[in-house]
Amino acid sequence: MFSVNHQKFMEMDELSLQKVPYFFVIDFLSENVEIYQEHEIEKEGLIIDFQEFSNTKETQELDKKVVWKSFPETLENFQVGFEKVQKNIRLGNSYLVNYTRKTKIETNLTLEEIFYHSNAKYKVFYKDFFVFFSPETFVKIIDGKIFTYPMKGTIDASIENAAEILKNDRKEKAEHYTVVDLLRNDLSMVADDVRVDQFQHIDFIKTQQKDLYAMSSEISGMIKPEYEGKVGSIMQKLLPAGSILGAPKPKTLEIILDAEGYDRGYYTGICGWFDGQNVDSCVMIRFIEKEEDQLYFKSGGGITHMSKLEDEYQEMKNKIYVPIH
């Protein structure tokens, strides 16, 4: 259905078995797998800011008023793909589909300024081509143990009792259960003794436009002996990331490719840092891409049989923000 770059995943395995540190970037369909050893990162126009690795430089305070405009598609346009997704869910082809859109934006910030002045757990600026500021871990591998932290469900933090509402919202809860289940199954392919350590934990995310609460869980397992030290093989087995795809995976991917009608590219792919022993990786969401001279923000959300068109349209628009304050 899509061509996976086996050669590159094997290269990742070789380096990780030799304990050579490197940074990797993998697009949504695993067609482009890029590997950069530490001395190559800067040369390639990559600036990275992870908890475990950063090559950022000192930067000036932002001395201009931020201009930020987005031009979302019409509800009618959004509805075309939404209805394709809903039809497939009704037919039983999928029970969760992550439906995303591409929105034109205008700002007086460069991609590099967005990188330096946004707040997020994971940030990457890549060659004046894209920037992202992601709150979502894909997997961490620490001393032979693998962890994942699915994030599903967000709410405007200014709403009274927002965290409680989010925890008890039927649709958000169903979506969260589904993703936790999906990722538990995914981890079981590469790990033994997989368990949910934390369920429906609420995180606070601060942004310039609005503050949000997001719901996440923690799942862990022990890497199976045949995958020990093979970072490439592990990634190849787990991709595409369940949280931005849906379930079941192969059929849901078909539905997405049909319903979205645009190329996600690196958006919702993953990237990560292998330090010679451990891995920290993230899902590339909250993503701005440059096409010629135009900027686009890619965003979306999970659709289930309970999803309402207007709510999903609103959620897609809510996510078009930059966390600068």
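Predicted model: local features only at pLDDT ≥ 70, side-chain atom pairs only at ≥ 80, totals over all residues.

**Entry: salt bridges**

I looked up the salt bridge total, and the structure holds 15.

I began with Lys-127 and Glu-44, whose side chains form a salt bridge at 3.6 Å, N to O. Where do Lys-127 and Glu-44 lie? I found Lys-127 in the loop between β6 (122-126) and β7 (130-134), and Glu-44 in the loop between α2 (38-41) and β3 (46-49). The two are 83 residues apart in sequence, so this pair ties together separate parts.

My next pair was Glu-113 with Lys-64, a salt bridge at 3.0 Å, N to O. This pair links distant parts of the chain, 49 residues apart. Glu-113 is in helix α4 (residues 111-117), while Lys-64 is in the loop between β3 and β4 (68-71). Is Glu-113 buried or partly exposed? I got 22% relative accessibility for Glu-113; buried means under 20%, so Glu-113 counts as partly exposed. Lys-64 comes out partly exposed as well, with a relative accessible area of 31%.

Then I turned to Glu-254 and Lys-251, where the closest N and O atoms of the salt bridge are 3.2 Å apart. Both lie in helix α8 (residues 249-260), three residues apart, which is about one turn of the helix. Glu-254 is partly exposed at 39% relative accessibility, and Lys-251 is partly exposed at 32%.

**Entry: strand β15**

How many residues of β15 (residues 279-283) are buried? I counted five of the five, so the strand is largely enclosed by the rest of the structure. I also looked at which way the side chains go. Val-279, Ser-281 and Val-283 point one way, Asp-280 and Cys-282 point the other way, and all are buried.

Next I looked for partners. Strand β8 (residues 137-142) runs antiparallel to β15, joined by three bridges, and Thr-137 sits opposite Cys-282. Strand β14 (residues 270-274) is antiparallel to β15 too, with five bridges. There, Gly-272 has Ser-281 as its bridge partner. I also noted that β14 and β15 make a hairpin with four residues between them. In its turn, Gly-276 has a positive phi of about 110°.

**Entry: strand β12**

I moved on to β12 (residues 212-223), which is mostly covered, with 10 of its 12 residues buried. Which strands pair with β12? I looked up β9, β10 and β11.

- β9 (residues 145-148) pairs antiparallel with β12 over four bridges, and Phe-147 stands opposite Ser-220.
- β10 (residues 151-156) is joined to β12 by four bridges, also antiparallel, with Thr-154 opposite Ala-214.
- β11 (residues 191-205) and β12 run antiparallel, joined by 10 bridges, and Asp-203 has Ala-214 as its bridge partner.

Technical notes:
Residues numbered from 1 in each chain as written. Heavy atoms only, no water. Salt bridge = Lys/Arg side-chain N within 4 Å of Asp/Glu carboxyl O. Buried < 20%, exposed > 50% of the residue type's maximum accessible area, 1.4 Å probe, protein only. Pairing = 2+ DSSP bridges.
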